[in-house]
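This briefing is written for a reader who is meeting a protein model in detail. Please look at the sequence and the structure shown below before reading on.

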Amino acid sequence: MRVLVTGGAGFIGSALVRHLVAGRGEEVCTVDKLTYAGNPANLASLEGRANHRFEALDICDAASMRTLVADFAPDALMHLAAESHVDRSIEGPADFVRTNIVGTCTLLEAVREFRASGGRECRFIHVSTDEVYGSLGAKGLFTEDSPYRPNSPYSASKAAADHLARAWCSTYGLPVTVTNCSNNYGPYQFPEKLIPVVILRALDGEPVPVYGDGLQVRDWLHVEDHVRGLAAVLDGGRAGRTYNIGGNCEKTNLDVVRTVLRAVASSRGESADSLLGLIEFVADRPGHDRRYALDATRIAGELGWKPRIGFESGIADTVEWYAANGDWCDASRRIYDGARLGLKEAAGS
Ligand code: NAD
């Protein structure tokens, strides 16, 4: 199979590309603009492989996307490129509108034109988030039929992109499938997201910030389980269908932080007490959703997918990975500090 993956130098995209190229031997072309979140080192293990090529391009560049799709002639385009961090979307939403909405439209159009010019049928797998559904009360789960109620500029831009993908399927007959996944964790996650922040701060003995009361609930999934879910959708997902991909693993943020701190303590043979003392409650994020939880019975029933990696063991392995990859962490933290600085300057603070 020939698969074009956008955002393949990021956290989830690189896990997907490694799986498709090294695990399955597919022909893959990775497209990534290499923003602060994209890191070529995430794909270093694929160097020299004849079945992988990398293109440093912006998905909003219509001419480049048109040429690339016509040239590579993919069987499937798996679209993961995005601005993905909620805090950054609150400080500067314009990049989110550009990449997540305009970029998705640009790719849909490139595939539509390829098809109209007699190119092969190219499936479009649009990778999205559970955050498009908004916030849940104490009970219930989001299904694929739940209404969209996004609350942050990030989730609103992803929701808009999901609607475009759906419309290109209904209006133009493009074989589009949408996936909505819960919170991912695992190796190579950029250190602005909760779990790597906690691991790296704990390793350095620095305070660990927790928003508000820390009782916001998220559903957690190891990135390798997500990748296997995406591969199941690539193999058997139906066009015009949405699949929720969830871990059936609800945790409060405070529970997550404590689990990570205990795993760091255990990896160093220390008692957890001193690390648990690093927790520092900070002002809550505006518009912070209280609870997300997904019903993933459709993908289990139709495609036979289920998560395999338990949360405690997945976290222990993730802690080991960050502890063993100091160079990657240092380089990412330098980029992170630079990106934070740029963001503050852009916001005039
Ligand atoms: P990430 O921020 O780690 O990676 C995003 C990648 O997209 C980066 O490599 C970046 O360089 C690239 N990119 C950004 N703008 C681009 C542009 N204009 N052109 C080309 N490339 C561009 O994000 P992630 O966590 O790996 O998320 C990947 C996808 O999965 C996103 O669409 C996100 O919305 C979705 N998702 C993420 C999670 C999660 O928990 N991380 C959960 C559900 C869904």
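Where is the place of Ala73? Ala73 sits in the loop between H2 and strand S4 (76-79); helices (H or I, at least four residues) and strands (E, at least two) are DSSP runs, numbered from the N terminus. This is a predicted model, in which local features need pLDDT of at least 70, side-chain atom pairs count only at pLDDT 80 or more, and totals for chains, interfaces and linings use all residues. Residues are numbered from 1 along each chain as its sequence is written, and side-chain values use heavy atoms, with hydrogens and water left out.

**Positive phi angles**

- Ala73 has a phi near 50°, a positive value in a residue other than glycine.
- Ala73 counts as buried, at 16% relative accessibility; buried means under 20% relative accessible area, exposed over 50%, and partly exposed in between (1.4 Å probe, protein chains only).
- Leu34, which is not a glycine, has a positive phi of about 55°.
- Leu34 is found in the loop between S2 and S3, and Leu34 is partly exposed, with a relative accessible area of 31%.

**The surroundings of Ser14**

- Ser14 belongs to helix H1 (residues 11-23) and is buried, its relative accessible area being 0%.
- The Ser14 side chain reaches the backbone oxygen of Gly10 at 2.6 Å.
- Leaving aside neighbours within four places in sequence, Ser14 is in contact with Gly7, Gly8, Ala9, Asn42 and Leu43, where contact means heavy atoms within 4.5 Å.

**Salt bridges**

- The count comes to 20 salt bridges, a salt bridge being a side-chain nitrogen of Lys or Arg within 4 Å of a carboxyl oxygen of Asp or Glu.
- Arg24 forms a salt bridge with Asp235, and their closest N and O atoms are 2.9 Å apart. This pair links distant parts of the chain, 211 residues apart: Arg24 is in the loop between H1 and strand S2 (27-31), and Asp235 is in helix H7 (residues 223-236).
- Arg24, Glu26 and Asp235 are linked in a network of salt bridges, and Arg24 is partly exposed, with a relative accessible area of 28%.
- Arg53 and Asp71 meet through their side chains in a salt bridge (3.1 Å, N to O). Here too the pair links distant parts of the chain, with Arg53 in strand S3 (residues 52-55) and Asp71 in helix H2 (residues 62-72), 18 residues apart.
- Arg53 counts as partly exposed, at 30% relative accessibility.
- Asp87 forms a salt bridge with Arg285, the closest N and O atoms being 2.7 Å apart. Asp87 lies in helix H3 (residues 86-91) and Arg285 in the loop between strand S12 (279-282) and helix H10 (297-303), so the pair ties together parts that are 198 residues apart in sequence.
- Asp87 and Arg285 are both buried.

- Rolling a probe the size of a water molecule over the atoms shows where empty space is left.
- There is one cavity of 30 Å³ or more; on a 1 Å grid over the protein atoms alone, a cavity is a set of points where a 1.4 Å probe fits but cannot get out.
- The largest cavity holds about 60 Å³ of space, a volume being the space filled by probe spheres set on the points, which are joined across faces, edges and corners.
- Residues that line the largest cavity include Glu131, Arg218, Arg285, His288 and Tyr292; lining residues have an atom within 4 Å of a point.

Terms used: A polar contact is a pair of N or O atoms within 3.5 Å; within protein, one must be able to donate a hydrogen and the other to accept it, and residues adjacent in sequence count only if both atoms are side-chain atoms. On a 1 Å grid over the protein atoms alone, a cavity is a set of points where a 1.4 Å probe fits but cannot get out, and a pocket is an open set with protein on both sides within 12 Å along at least five of seven lines; lining residues have an atom within 4 Å of a point.
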